[in-house]
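Here's a quick tour of one model, with a look at how its inside is put together. Have the sequence and the 3D view open as you read.

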Amino acid sequence: ALAVTAVLACHMKREADVAAELEFSRDSDELRKIIAVRLDDHARILLAGAALFNASDEVTRDEWRIFTQSQKLESQLPGIQSLGFSPLVSAAELPALLRRVRNEGFPEYTINPEGNRAAYAPVVYIEPLSGRNLRALGRDNLADPVRRAAAEQARDMNGLALSGKVTLAQETGQDLQVGVLMFTPLYRKGAAVDTVEQRRLAIVGWVSMAYRMHDLMDG
């Protein structure tokens with residue numbers, strides 16, 4: 001009787017384990033699909049931001065604010081921390097960029113992290129321009145290897161790339177969350193971008209989205 005009971009117990013446990021694994025697999029697959037659809041929605045907004053730059057001689061800070069506000073991100077796609085623009089500038093071009101941004105009403109604007117580098121991709125526009133996002137102004141996306149890898153992947157692919165885990169400049173030390181960024185490239189107008197080499201020569205900046213992971217998943 002004990003042997004039969006043991007066999008039945010093992011059989012029932014295996015059945016329960018199989019049922020639990022199937023349920024977990026279904027739930028995980030559903031969650032994966034939801035996340036994929038949401039990121040596709042985010043990608044379309046990012047590409048629309050790049051299209052705004054491609055269609056204009058110059059996109060002003062006010063125009064970037066109006067574009068972002070018109071997306072109604074907080075109500076339509078909650079979980080997006082920011083939508084930003086980072087131009088690619090050389091060391092020789094950096095002083096002029098700093099002067100321009102400071103003259104636009106940001107007298108303390110500087111590059112973060114500091115240091116002498118051949119090229120920079122600092123955040124110049126970011127929306128919403130309030131709260132935590134103010135901390136991200138001037139963040140150089142080429143200074144951090146994780147951000148840089150995603151930006152360069154987007155540049156070389158002429159597409160979108162999601163970074164690995166980073167600590168966003170928006171973090172204040174309270175309610176600390178893992179962050180990720182999505183990049184899409186901006187190329188010089190009229191430049192050939194058929195090959196990787198051409199794209200590297202034509203790159204002039206990136207449009208990016210930042211996410212705090214818990215906020216993204218809650219959204």
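Buried means under 20% relative accessible area, exposed over 50%, and partly exposed in between (1.4 Å probe, protein chains only). Helices (H or I, at least four residues) and strands (E, at least two) are DSSP runs, numbered from the N terminus. This is a predicted model, where local features need pLDDT of at least 70, side-chain atom pairs count only at pLDDT 80 or more, and totals for chains, interfaces and linings use all residues. Residues are numbered from 1 along each chain as its sequence is written, and side-chain values use heavy atoms, with hydrogens and water left out.

Let's start with helix 4, which spans residues 94-103 and has Leu94, Leu97, Leu98 and Val101 buried. These four sit on the same side of helix 4 because they cover an arc of only 100° around the axis, going by the directions from the helix axis to the C-beta atoms. Arg99 and Asn103, on the other side, are exposed. Just after helix 4, Gly105 takes a positive phi of about 110°.

What do the buried residues of helix 4 pack against? Contact here means heavy atoms within 4.5 Å, and the partners are these:

| Partner | Residues |
|---|---|
| helix 2 | 61-70 |
| strand 1 | 82-87 |
| strand 2 | 89-90 |
| strand 3 | 119-120 |

Now for the core. A nonpolar core is a set of buried Ala, Val, Leu, Ile, Met, Phe, Trp, Tyr and Cys residues joined through side-chain atoms within 4.5 Å. The largest one has 36 residues, and Phe53, Trp64, Leu83, Tyr109 and Val207 have the most contacts inside it. Helix 1 gives the most to this core, with five residues.
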